[in-house]
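Hi,

Here is the structure I said I would pass on to you.

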Amino acid sequence: MTKTDEIIALNEQYGAHNYHPLPVVLAKGEGVWVEDVDGKKYLDFLSAYSAVNQGHRHPKIIQALTDQAQRLTLTSRAFHNDRLGEFLKRLCDYSGFDMALPMNTGAEAVETAIKMARRWGHQVKGIADGSQEIIVCENNFHGRTVTIISFSTDEECRLGYGPFNQGFNIIPYNDVKALEAAITANSCAFLVEPVQGEAGVIVPDAGYLQEARRICSEHNVLFIADEIQTGFGRCGARFACDLEGVKPDAICLGKALGGGVFPVSAVVANKEVMEVFTPGSHGSTFGGNPLACAVAIAAIDVLEEENLAAHATELGEYLRAQLDKIECAKIVEIRGRGLLAAVEFEAGFEAWDTCVALKDKGLLAKQTHGNIIRFAPPLVINKQELDHGLRIIREVFETIG
């Protein structure tokens, strides 16, 4: 039995079976490369679902982590710490909003946005408390809390977890007429992914986000963008909404904000929205801890200093163009934004075996919805590394019957 087999056996015996990972056990990482416990190296084309935009163990981020760990790691929000204000200002300057509320995970950011929208709907818009409605889209993925899965349309995420929370109106994605028709006097927010990542990198029509923004403004409904996966350069701009020149009322952030080393999330919004929170109305013991703040500041610095959004645009266009040249009759569509791409195979195709074949040749990616493979390498990838990955992908895809 190999070391890989031994560790997987331990995971299977002692861990809850809520994931079905590829049969690889990773032990090291640097840049776009990871190495398993048996010494084999792989190109990482998933980036921990876009949490590793800056690459594995970026020196500047690791230095910030270790330096801060030598000083102070946690105070709770019962006291101020000397890194929080600096982080909040850095994030607000980067995002263009007045205020930020830091949390830890992406799901916590979405929960925060939901609470913010409901309180704003009651206190500012005048909706009776308990009647607030948030409009969401089919095939969304915003997290896995009970509140969030209450408005999921993925039955696998919901099975056995009822009763579900009310107050959500589900409409088709990429349909502005459906959005306008769904708005009522009780509508307080529209929560949307500018690109639906988990659904298979579904890119809406040009102008969809602009029209959604217009409709929300006309009806006094908050436009809240979930950019947890699409933000921080992944789609070729600071935020995917920027590609259409759209400014939401609030943005949910996470994943790459932690630089691939620490869970950091936040909601950013302008003062008139964020000020519905008052002392005691929301919080987190670890949210805004000094270690997270130091890491997040460095993570943002790396994105800007290395111009990673522009790099994602350039190499993303190249990636999709090269994928489009692969001869494989079962491929239905290549799509994406920046370095977030998807290959959709014909209905009924099971992409698990294809991902295992990619792994065997030295590239890690994961399927979603059975017949779609998502490619999202770290934004620090260079053209030589990308070409190496494309050679592996071409080799595997061209053997598909």
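Start with helix H3 (residues 59-69) and helix H11 (residues 290-305): their axes come within 8 Å and cross at roughly 160°. Keep in mind that this is a predicted model. In case the description is new to you, two packed helices are described by the angle between their axes and the distance between the axes. An angle over 145 degrees counts as roughly antiparallel, so that is what H3 and H11 are to each other. The crossing of H3 past H11 is right-handed.

Which residues make the contact? On H3 they are Lys60, Ile61, Ala64, Leu65, Gln68 and Ala69. H11 brings in Pro290, Leu291, Ala294, Val295, Ala298, Ala299, Asp301, Val302 and Glu305. Sorted by type, the contact of H3 with H11 has 11 nonpolar residues, 1 polar and 3 charged.

Next, the cysteines. A disulfide is a covalent bond between the sulfur atoms of two cysteines. How many disulfides does a search of the whole structure find? The count is 0. Take Cys216: the closest cysteine sulfur belongs to Cys137 and is 10 Å away, so the two are too far apart for a bond. For scale, a disulfide needs the sulfur atoms within 2.5 Å. Cys241 is in no disulfide either, as the nearest cysteine sulfur, in Cys235, is 9.7 Å away. Are these two cysteines buried or exposed? Cys216 has a relative accessible area of 0%, so it is buried, and Cys241 is buried too, at 1%.

Now some backbone details. Most residues other than glycine have a negative phi, and most peptide bonds are trans. Here is what I found on that score:

- Gly162 and Pro163 are joined by a cis peptide bond, with omega at about 5°. Pro163 sits in the loop between helix H7 (155-158) and strand S6 (168-171).
- Ser47 is not a glycine, yet its phi is positive, at about 55°. You will find Ser47 in helix H2 (residues 47-50), and with 0% relative accessibility it counts as buried.
- His369 is not a glycine either, and it has a positive phi of about 55°. Look for His369 in the loop between strand S14 (366-368) and strand S15 (372-375). With a relative accessible area of 49%, His369 is partly exposed, because exposed would take over 50%.

Cheers

Key
Residues numbered from 1 in each chain as written. Predicted model: local features only at pLDDT ≥ 70, side-chain atom pairs only at ≥ 80, totals over all residues. Heavy atoms only, no water. Buried < 20%, exposed > 50% of the residue type's maximum accessible area, 1.4 Å probe, protein only. Axes fitted to C-alpha atoms, helices over the stretch in contact; angles between N-to-C directions. Helix = DSSP H or I, 4+ residues; strand = E, 2+ residues; numbered from the N terminus. Parallel < 35°, antiparallel > 145°, perpendicular 65-115°, else oblique. Left-handed = near helix turned anticlockwise from the far one by under 90°. Contact = heavy atoms within 4.5 Å. Nonpolar A, V, L, I, M, F, W, Y, C, P; charged D, E, K, R; others polar.
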